[in-house]
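Subject: A structure for you to look through

Hi,

Here is the structure I promised to pass on. Please open it beside this email and follow along as you read.

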Amino acid sequence: MPVRFFLGGYTADMDGRADGVGVVHAGAPDDVLAGGALRWAGTAAAAASPSWLAWHPTLDVVYAAHEAAGTVQAYRRTGEEAFAPLGAPVPAGELVCHLAVAPDGGSLIASCYGDGRVVRMTLDAAGLPSAPVSAPAADQPAPGRPELSGAPGRAGEPPTPHAHQARFTPAGLVTIDLGLDLVRVWDVRGDALTERQRVALPAGTGPRHGVWHPSGHLYVVTEHSNEVFVLRPAPGGALILVGGVPLPGTQVGADFPAEIALTRDAQYAVIGIRGSNTLATVRVGGEGESLAPVALVESGVDWPRHHVIARDTVLVAGQRSDEIVSLTIDERTGVPGRVRHRVDAPTPTCLLPDRA
């Protein structure tokens, strides 16, 4: 069980206080769980707004999305809590906000909120990224689907693409576009991404992030309508929308769901909600195709941008309160309790567990 977490964050170029990739300890090194006291351990690598972090699957290499610069930078590990740049930053797109590394370590996908680009980069044997290739834009019609999904823009303008997450799943590479209310499924063929399917969610919902459930369902949380949608693979590999659930107790337009994570038994999903600064728990039912609200509790931070679940503990990054907190989850109900520990951490936006 890792008790060290690396933190993405915003630096001065994004009006933040971080100075790079941070380090937080959760408990003592020999603790079985991550529910012990939290301790800030300094900066692992100087970086400009590394707002999202992702590991290479086999190498001691971490990738950072430099959001303000619109680039992706690889960092090789030089010590337990130290990283050095590996090569030069690679251009991705405007406000790159998420990275996903292929399970085979051969490529990564960068999602760019600002211009909606989905970019594939090749990774060499050392983990160095290069050769960025943009996928077909989300605001172009999908094969066989001339209509465009999404809420209308201002004054009747067309919706604007805002790619926000990519995830490698058994159903294929899945990307989520918050601006166009789209879930897109891709085939990776050589250096190119070929769109296989797009699933249009209701207009104006603003899908942000998704998590793959062991049952074979994809749960997608929406930033604008405060819901979680359920998609499942159909025969032939296509994803179909099979249901969803609102997050009761939240207010559309004032609350903005951010991250979704599964408990270790995958019987519950926990969603962080900015605005009311809460954590919502939903229960998984049936064979994974149904969700039911359970509870809405205080997160203990201001603007819970990201959270991870480590065994019986959820760690939450409070972007605006400059801190990380930990709460113990009641594994019988999936509901987090009150804050047990907290530590100052400058403008955190992402928590990346160290390798076990």
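First, some ground rules. This is a predicted model, where local features need pLDDT of at least 70 and side-chain atom pairs count only at pLDDT 80 or more, while totals for chains, interfaces and linings use all residues. Residues are numbered from 1 along each chain as its sequence is written, and side-chain values use heavy atoms, with hydrogens and water left out.

**The sheet**

Start with an open sheet of four strands, in the order 8-9-10-11 with antiparallel pairing. Strands here are DSSP runs of E with at least two residues, numbered from the N terminus, and two of them pair if DSSP finds at least two bridges between them. Strand 8 and strand 11 (129-134) are the edges, each pairing on one side only. On average, neighbouring strands of this sheet are turned by 25 degrees against each other, direction ignored; the axes behind that angle are lines fitted to C-alpha atoms, and angles run from 0 to 180 degrees between N-to-C directions.

Now look at strand 9 (residues 107-112). Five bridges join strand 8 (residues 96-101) to strand 9, and Val-101 has Leu-108 as its bridge partner. These two strands form a hairpin with five residues between them, and Gly-105 in the turn has a positive phi of about 70 degrees. Strand 9 also has five bridges to strand 10 (residues 118-123), where Ser-111 stands opposite Val-118. That hairpin has five residues between its strands too, with Gly-116 in the turn at a positive phi of about 75 degrees. Finally, four bridges join strand 10 to strand 11, and Val-119 is partnered with Ser-134.

Which way do the residues of strand 9 point? Ser-107, Ile-109 and Ser-111 point one way and Leu-108, Ala-110 and Cys-112 the other, and all are buried (under 20% relative accessible area with a 1.4 Å probe, protein chains only; exposed is over 50%, partly exposed in between). In a regular strand the side chains alternate between the two faces of the sheet.

Happy exploring!
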